[in-house]
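Reader: Hi! I'm new here and would like to talk through some charged contacts. Could you show me what we're looking at?
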Amino acid sequence: MRWLMADQLGPHFDDGGEILLIEAKGVLARRPYHWAKAHLILSALRHRHAELGSRASYVTAEHYRDVLIPLQAQGIQLEMVNPTSWGSRALVAELGISTVPSRGFVSSEEFFGNWVADKKPGTLKLENFYRHWRDSTGILMEGPQPAGGQYNYDHDNRQPPPKGAMNLGLPAPWAPVEDEIDAQVRADLTAWSEAGEITLLGRDGPRRFAATRSEALEALAEFVETRLMDFGPFEDASLQGDDVRAHSMLSVPMNLGLLHPQEVIDACVAAYERGDAPLGSVEAIVRQIAGWRDWVWHLYWHLGENYVVRNNFLEANVDLPEQFWKLDGEGVDAACMKHVLTAVGDSGYAHHIQRLMILGNWSLQRGYNPQQLNNWFIDAFVDGTPWVMPANVIGMSQHADGGLVATKPYSSGGAYINSMSDFCKGCPFNPKIRLGEDACPFTAGYWAFLNRVEPKIRTNHRMAQPYAGMRKLVDLVAVVEQERSRVNW
């Protein structure tokens, strides 16, 4: 009997035979989940059961052990595709459940292991891994050369949103139609929450993401047809009136195992080969998946089980504020933070730049505890998983590992946000001002951050120019004191 977990629900995890699905309420109870995430997990599990019919045994319990140990006592041999977290793999090893190699990624652990074998610590680079994968697979390659003569078109894919635009003028993104399974999920979550059995973040709302294989294929087809063409140029831009823009939001069904990432890559590359999508946009989505998604998956195992808890290089120990847990932007004046916190509260989703350069940048500047932030990102986002967030949050966003993942801290002032979004229009803070009542907390926070962490990163050659600029500020002491005592954000 093959046990399928909630991130293994697509056909590529099913080799035929008897299937076990376990709905364990204790998994939802041990940490706060976003409404949308809890709904999606239960909906996907229950829909998969309905699809499999008599082939699947669907068991509800408090904990996985409550099901697995009795089955083993009955002599039933359990197997599974190798799970995706340290904790799950420890449970599987403890119970002696046999496993087959990991699935759901475009490169194997063996492929990464062979590549990394001769790499020295501190020399691991995403771009090198990505190019190695392209060379090995031949995807977007023309013989030994990359299509178009470049491996990476990231420099061309940083366009600000069109001036004066409320949106990109694209059709509304694909959305599912809820059914009776969703209605029962909502009723169960409401009852458990009201009884205090689970804690839910954000707000309930219509399901926005695929929970079945057929829905995932529809979402993929819609993206390729209507949004892929514009994905590349505007992938880093933000608009208050358009939270999706040209993003695919396919990370959600991929992380549930409903779509294989190779399917997404193949569909996008086929669109390029037909002449239906530009190379820059297709290369961008391939790099997001085969590059970054696989990269952080492999780093999760390579960096070790204690990577999250042992790394706090910048000595950031401030507890996450109430506004992060409330997820409604109430009392937040900064327009970008207000919008993104509220949007995450409504949907459990924000695109990568809003996560890195607004939520992450804010947290980095204010010294929020990176372990707390890592867990918050896992719980508050519908695509948050234990394997996807550590390298993203601990490494790239918070520089808590001292440079293993990213060569410098990803922090910037309000000028970046102003150039890549319309958030600053109408905001009470001015991105050009660092001192005074209208001082932008990102602009002022950037200099206060550099001042605070200088003993840790002054020798980083990539920080030489920012520190040269900081030392020219005649009002630095006042800016640092202002941000230390800031209450209006």
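Author: Happy to! A salt bridge here is a side-chain nitrogen of Lys or Arg within 4 Å of a carboxyl oxygen of Asp or Glu. This is a predicted model, where local features need pLDDT of at least 70, side-chain atom pairs count only at pLDDT 80 or more, and totals for chains, interfaces and linings use all residues. Residues are numbered from 1 along each chain as its sequence is written, and side-chain values use heavy atoms, leaving out hydrogens and water.

Reader: Thanks! How many salt bridges does the structure hold?
Author: There are 34 salt bridges.

Reader: Which residue does arginine 31 pair with?
Author: Aspartate 379, at 2.7 Å from N to O. The pair links distant parts of the chain, 348 residues apart: arginine 31 sits in the loop between helix H1 (25–29) and strand S3 (33–34), and aspartate 379 in helix H17 (residues 370–380). Helices (H or I, at least four residues) and strands (E, at least two) are DSSP runs, numbered from the N terminus.

Reader: Is aspartate 379 buried or exposed?
Author: Buried, with a relative accessible area of 3%, whereas arginine 31 is partly exposed at 25%. Buried means under 20% relative accessible area, exposed over 50%, and partly exposed in between (1.4 Å probe, protein chains only).

Reader: New topic: what does arginine 131 meet in a salt bridge?
Author: Glutamate 127, at 2.9 Å from N to O. Both lie in helix H6 (residues 126–137), and because they are 4 residues apart, about one helical turn separates them. Arginine 131 is partly exposed at 34% relative accessibility, and glutamate 127 is partly exposed at 23%.
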